[in-house]
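Subject: Structure handover

Hello,

Here is the structure you asked for. Please open it first and keep it beside the notes that follow.

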Amino acid sequence: MKIITLHNQKSLIKKAVANNREAQQQLFEQHSPKMLGVCRQYVKDLHHAEDLMLQGFLKVFTNLHTFKNEGSFEGWIRRIMVNTCISYLRKKNVIDLSDEDYVFNDAATESLENTTVEDIQRLIDQLPEGYKVVFNLFAIEGYKHSEIAVKLEISESTSKSQLHKARKVLQEKYYKMNKTVHETK
C-alpha cells in the first residue's frame, strides 16, 4: 500500500512540475492541513498562519523542480513552511533573541497525562516569539542547537538560553494552569 502511495506521489509531483493544476491541487489538499499546523506553531493568529502557509505553497510550487525525490516530500515542504514563518517573524522584528548565558539543568516536568494538544499550543502561544521559535525548532522540528544558530543567525549558547527560558516559562504556566484547574474542582 505504501509503495503505491509513494508511486502516486512521485507521479503527482512530476505532473505538478509540468504545471498540471489538478496535480498541484491534489498535492495542496494532501499537505495543507498538516502544513497549516506547522505554520500555526510559529504564528498565533490563524489568519496569518494561513497566509504564511499559502506563501509557503507558492514557494513549494515555484521550486518543485528542485525536489530530488531523496527523502520525505512532506519533510521538504515542512522545511519551506518553517523557513517562511521564520522569515515573516524576522521581517516583523518580533523575534527577540538575547545573548544571555545560563547554566542548564533540566528538571523533570510534571506529567502531561490530562493535558490536551490545544492546552499545550495555548501555552506555547503565550511564549515570547524568540522563545517560541527556538522551542518549536528544537522540540518539535528536531533541529540541533548548532542548526538553530545557523538558521536564526545567533550563537549556540543563545539558542540554548532561549530554549531554557521557554521551558521554564512553559513549566510555570503549566503549573499555574493545573493549579487553577485543581482549585476549581
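R122 is partly exposed, with a relative accessible area of 47%. The terms used here are buried for under 20% relative accessible area, exposed for over 50%, and partly exposed in between, with a 1.4 Å probe and protein chains only. D119 counts as buried, at 17% relative accessibility. R122 and D119 form a salt bridge, and their closest N and O atoms are 2.5 Å apart. A salt bridge here is a side-chain nitrogen of Lys or Arg within 4 Å of a carboxyl oxygen of Asp or Glu. The two residues are three apart in helix α5, so about one helical turn separates them.

This is a predicted model, in which local features need pLDDT of at least 70 and side-chain atom pairs count only at pLDDT 80 or more, while totals for chains, interfaces and linings use all residues. Residues are numbered from 1 along each chain as its sequence is written, and side-chain values use heavy atoms, with hydrogens and water left out.

Salt bridges

How many salt bridges does the structure hold? There are five. Side chains of opposite charge can pair when their charged atoms come close.

Another salt bridge is formed by the side chains of E74 and K34, at 3.2 Å from N to O. This pair also links distant parts of the chain, since E74 is in helix α4 and K34 in helix α2, 40 residues apart. E74 is partly exposed at 27% relative accessibility, and K34 is partly exposed at 45%.

The fold

The protein chain has eight helices and zero strands. Helices (H or I, at least four residues) and strands (E, at least two) are DSSP runs, numbered from the N terminus. Of the 185 residues, 38% count as buried. The chain exposes about 11,700 Å², of which carbon and sulfur atoms supply 52%; accessible areas come from the Shrake-Rupley method with a 1.4 Å probe, and for residues only the protein chains shown count as cover.

Among contacts with a separation of 6 or more, 70% are between residues 24 or more positions apart. Contact means heavy atoms within 4.5 Å.

The core

Which residues touch the most other members of the largest nonpolar core? They are Y42, M81 and L137, in a core of 45 residues. The largest share, nine residues, comes from α4. A nonpolar core is a set of buried Ala, Val, Leu, Ile, Met, Phe, Trp, Tyr and Cys residues joined through side-chain atoms within 4.5 Å. Leaving aside neighbours within four places in sequence, M81 is in contact with residues including M35, V38, C39, L52 and F57.

Cysteines

Regards
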